[in-house]
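This report describes a set of secondary-structure elements and side-chain arrangements. The structure is shown first.

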Amino acid sequence: MAVFVLSFLSPETATPSHELRFDGDAGDIARALDLDGGAIADHACYLLDRKDLTALASALGFVLPDTGEEALLRRPHRIDATPYLVHTGYELPLMLEGRKPFAYFGDDPASPWLEETKALFAPHVATGVLLLDTFELAKMCPTTTGGEKEERVRYFLYALPGETWRFERFRKRCDQLFYNWRPWTDEDEREEGLLLGYSEEQCDWWMANRAHRAASA
């Protein structure tokens with residue numbers, strides 16, 4: 001038996017509105033969902049519609065919340081043990097609640113995920129609740145053969161009113177890190193945490209435990 005998590009997704013923000021944890025046999029779950037290969041990958045995340053959820057609930061004998069929402073099925077991750085809410089995956093609702101001042105998303109300019117994310121934020125940008133800045137850059141990345149290659153990245157930056165200074169600071173960081181490539185440092189990690197809206201205490205915990213994870217990896 002293993003522990004699994006179902007994260008039910010809000011249709012307005014595409015982020016988890018509530019979660020259900022349960023014990024189950026990975027083989028039984030794979031068969032209920034008719035997964036290729038009949039296996040649940042340890043670090044995979046599966047998007048389940050209501051048909052999938054009904055089959056899963058019937059196979060394992062639990063009751064689903066009556067929400068009609070889709071859900072993500074995953075195994076617990078080490079980040080779940082963090083003693084504060086990690087923003088990843090919750091950027092939009094946290095910003096709408098005024099609990100997060102800044103978020104950024106970056107990917108290949110042709111990425112469908114990037115456009116889908118922009119569409120979720122768009123209604124709130126249109127009303128002025130959130131502010132948007134966007135830019136694209138070509139960064140030089142080291143290769144395994146010792147050379148460099150160019151990769152283009154498009155960024156969408158979002159800030160609360162009164163927090164737009166974070167736009168310029170983020171752009172400067174990109175210049176420092178990507179145009180003159182250098183390794184990521186502990187100081188970079190802390191500065192990014194503060195820029196994203198984490199407190200000094202939360203950054204302290206993250207740095208201490210990040211260092212521990214790296215040493216024990």
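The model is predicted: local features need pLDDT of at least 70, side-chain atom pairs count only at pLDDT 80 or more, and totals for chains, interfaces and linings use all residues. Residues are numbered from 1 along each chain as its sequence is written, and side-chain values use heavy atoms, with hydrogens and water left out.

**Sheet and helices**

An open sheet is formed by four strands in the order S2-S1-S4-S3, with antiparallel pairing. Its edge strands, each pairing on one side only, are S2 (16–24) and S3 (45–48). From one strand to the next the twist averages 25°. Strands (E, at least two residues) and helices (H or I, at least four) are DSSP runs numbered from the N terminus; two strands pair if DSSP finds at least two bridges between them. Strand S1 (residues 2–9) runs antiparallel to S2 and is joined to S2 by eight bridges. Opposite Ser7 stands Glu19 in S2.

Helix H1 (residues 26–33) lies across S1, S2, S3 and strand S4 (71–74), at about 120° to S2. Helix H2 (residues 50–60) also packs on the sheet, touching S1, S2, S3 and S4, and its direction makes about 105° with that of S3. Axes are lines fitted to C-alpha atoms, for helices over the stretch in contact, and angles run from 0 to 180 degrees between N-to-C directions.

**Arg166**

Arg166 lies in helix H5 (residues 165–179). Arg166 counts as buried because its relative accessibility is 10%; buried means under 20% relative accessible area, exposed over 50% and partly exposed in between (1.4 Å probe, protein chains only). Leaving aside neighbours within four places in sequence, the contacts of Arg166 (heavy atoms within 4.5 Å) include Pro101, Phe102 and Leu194.

**Aromatic pairs**

Rings of Phe, Tyr and Trp (its six-membered ring) pair if their centres lie within 6.5 Å; planes under 30 degrees apart count as stacked, over 60 as edge-to-face and the rest as tilted. The count by this rule is 16 aromatic pairs. Two of them are tabulated.

| Pair | Centre to centre | Angle between planes | Type |
|---|---|---|---|
| Phe102 and Tyr104 | 6.4 Å | 35° | tilted |
| Phe105 and Tyr158 | 6.2 Å | 65° | edge-to-face |

Phe105 lies in strand S5 (residues 102–107) and Tyr158 in strand S7 (residues 148–159), so their pair ties together parts that are 53 residues apart in sequence. Phe105 and Tyr158 are both buried. Phe102 is buried at 0% relative accessibility, while Tyr104 is partly exposed at 27%.
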